[in-house]
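Here are my notes on the model, as promised. Have it open while you read; the points are in the order I'd look at them.

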Amino acid sequence: MGGPGNGFAAAVITFPGSNCDRDMAVAIEQICGGTVHRVWHGDASLPEGLDLIALPGGFSYGDYLRSGAMAARSPIMQDVIAAAGRGVPVLGVCNGFQVLTEAGLLPGALVRNAGIRFVCREVALTVGTTQSQFTSGYLRGQRISIPVAHHDGNYFADAATLDQLEAEDRIAFRYAEPVNGSQRDIAGVLNGARNVLGMMPHPERMIEAAQGGTDGARLFESILHGLNVAA
Amino acid sequence: MKVRVHVSLKNGVLDPQGRAIHHALEGLGFAGINDVRAGRLIELDVADDTSDEALDDMCRKLLANQVIENYRIEKVAA
């Protein structure tokens, strides 16, 4: 497991309106250890030598124009896109997922929930693939429970894109129950290089028993173990 | 120069907002409504020499998300 001196380095980006950035930083600190840099959206560059970049949940720019649209064009995102291109793991949760699609790092878009209402509850998911550094610690098809809290979580992509995601085993998580109308029950997707994951459920809210479960902790453990950082 | 950018959801993209408006109109007693789609109108006031290419660029880079939306640029006569 992680510890303060294990050399793991992560960055959590805060946009104006992010509200899960602290939870994300705490989850990474507790499970991966090392150093978590808090980076402001207006910063010109990321710290060197990162093992993980996390885009947290929230309502960046008040969801103006489209959820994640303004944040995806903020100064720091140029560096995030460059780092993703070099293979640095990038995790976007909830609003972070919306930002990643708006930035073009992930296919598709997240539109208004089919039922119109904001959905805030624990949901059942199935693990779609274990072939990624985010999901290697789960079992394929494993049923897990992680909370969602979103208004625009309805995943949309054209049929050709959805077929490609399935053919390339890039659907990281699927909803195991009706949640928001997402195409093919998609709750989380990987990019082609498999180092960028966007997901609507909040793994950082399910990392210790006091929160009701630890199904989210496995995701952070996967990243840590995948990087083979000495404990 | 005044420019209006009309942003609308592509066919095939579910529009729960439009559906809610549809139901609300029917609730008010309006009959014969086949469908309702809600979009967005963005009004820009730009320099007169702004090129069509630049306007198109604004739409593609920010104003519309072409995964889910279409856009139409309308120049408004002064």
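1. Start with what surrounds helix α3 of chain A: its buried residues pack against β3 (52-55), β4, β5 (109-111) and β11 of chain A. Packing here means contact, with C-beta atoms, placed from the backbone, within 7 Å. Helices are DSSP runs of H or I with at least four residues, strands are runs of E with at least two, and both are numbered from the N terminus.

2. This is a predicted model, so local features need pLDDT of at least 70 and side-chain atom pairs count only at pLDDT 80 or more, while totals for chains, interfaces and linings use all residues. Residues are numbered from 1 along each chain as its sequence is written, and chains are lettered from A and ligands numbered from 1 in the order in which they are written.

3. Back to α3(A), residues 95-102: 8 of the 8 residues are buried, so the helix is largely enclosed by the rest of the structure. Among them are A:F97, A:V99 and A:L100, but also A:N95, A:Q98 and A:E102. (Buried means 20 or more other C-beta atoms within 10 Å of the residue's own, exposed means 12 or fewer, and partly exposed is in between; C-beta atoms are placed from the backbone.) After the helix comes A:G104, with a positive phi near 85°.

4. Now the sheet. It is open, has 9 strands with mixed pairing, and runs β2-β1-β3-β4-β11-β10-β9-β6-β7 in chain A. β2 (35-40) and β7 (143-150) each have a single partner strand, so one side of each is left without a neighbour in the sheet. The twist averages 20° from one strand to the next, using axes fitted as lines to C-alpha atoms (for helices, over the stretch in contact) and angles from 0 to 180 degrees between N-to-C directions.

5. Have a look at β11(A), residues 196-199. Both faces are covered, with A:V196 and A:G198 buried on one side and A:L197 and A:M199 on the other. Pairing needs at least two DSSP bridges between the strands. β4(A), residues 90-93, pairs with β11(A) in the parallel sense over 4 bridges, and A:V93 has A:M199 as its bridge partner. β10(A), residues 186-190, pairs with β11(A) in the antiparallel sense over 3 bridges, with A:G188 opposite A:M199.

Note on methods. Contact = placed C-beta atoms within 7 Å.
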